Amino acid sequence: MMRPEAEEFNCVKDIFEACTDVLEVGCGEHAYLAEFLATICANVTAIDSSEEAISRARACLDHVPNVRLMRVDATDWTDVLPGGSFDAVVLYRALHFLADVPAFLSEARRLLKRPGGRLIVMNSPLFDLTSDRVGVHVFRDFCSDVFSAQLESYWTPNVAQNFATYCDPTRPRLVNLLSEESPGPILKTFRHTTEVPLIDIRSEVLRATVASQFLEAAGEESFDREILRLQERILILHGFDITDLLFENLVLTKTVTFHVEIHTLN
Ligand SMILES: C[S@@+](CC[C@H](N)C(=O)[O-])C[C@H]1O[C@@H](n2cnc3c(N)ncnc32)[C@H](O)[C@@H]1O
């Protein structure tokens, strides 16, 4: 998973400063958020259903004493952790990957201290390069068939549906995931602008998995043709000639939208 921008975690610092016991669900192999939370909260428990992710996370965080890492499936855990023991349960880029979100939510209700326990959902849409004039075309137009196929296999129907139902802040009714009767959650949205050094657009494109898939399927010659086509398209659409940028050490700007939903237990 991509390393988070510093801003993504800094913007939730104040929320976690009020928490002593925190559970992160779906921490992944780097456990980026758990590592950050350990600098703020006394006790951090981080779980993931993947044995491999947990063992890698253990290696990353072996110097952090207040993080407990456990392999647990968050949709199928009977009383592994005592009820009412967490000030916050947090998911970072993870809620939509859970196979059974309602099952997870009922366990989250049990695990949170009441009243006041919080479920915190942090997400940034995948491939959010919308305001990056060059980046958006690299990802939207270049080898779009291969890219769509890749997206389809990554975003399984279940994951895509979960994202729309539980994680997309534009969904029509922003309900409190912890209780239908409670008022809606607090939603914070941030736009974070960051600078992306661009040294050589060809190698930038090559780094994307989609490019290696394309190379494997179509070969080097077709790849070079696609790069030329990409250059022409950017010139036509934006009057922006990237030819001169090749092999130069230039900087592009990208903007990332990032949102945090805070659901509080009555
Ligand atoms: C997209 S990764 C996000 C990892 C990390 N939070 C990050 O952003 O770097 C989603 C993680 O959720 C985990 N996951 C999926 N289903 C799970 C479940 N039922 N219980 C616990 N973890 C789960 C996956 O193993 C994966 O590590």
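**Close-up views of a predicted model**

Arg-93 is buried, with 21 other C-beta atoms within 10 Å; a residue is termed buried if 20 or more other C-beta atoms lie within 10 Å of its own, exposed if 12 or fewer, and partly exposed in between, with C-beta atoms placed from the backbone. The model is a predicted one, in which local features need pLDDT of at least 70 and side-chain atom pairs count only at pLDDT 80 or more, while totals for chains, interfaces and linings use all residues. Residue numbers start from 1 along each chain as its sequence is written.

**View A. Backbone at Arg-93**. Arg-93 has phi near 55°, a positive value in a residue other than glycine. The residue lies in the loop between β4 (88-92) and α5; helices (H or I, at least four residues) and strands (E, at least two) are DSSP runs, numbered from the N terminus.

**View B. Backbone at Ala-31**. Ala-31, likewise not a glycine, has a positive phi, near 45°. Its place is in the loop between β1 (21-25) and α3 (32-37). Ala-31 counts as buried because 26 C-beta neighbours fall inside 10 Å.

**View C. Buried residues of helix α5**. In α5, which spans residues 101-111, the buried residues are Val-101, Phe-104, Leu-105, Glu-107, Ala-108 and Leu-111. These residues are on the same side of α5, because they cover an arc of only 165° around the axis; the arc is that of the directions from the helix axis to the C-beta atoms.

**View D. The cis peptide bond between Arg-114 and Pro-115**. Omega of this bond is about -5°. Pro-115 is located in the loop between α5 and β5 (118-123).
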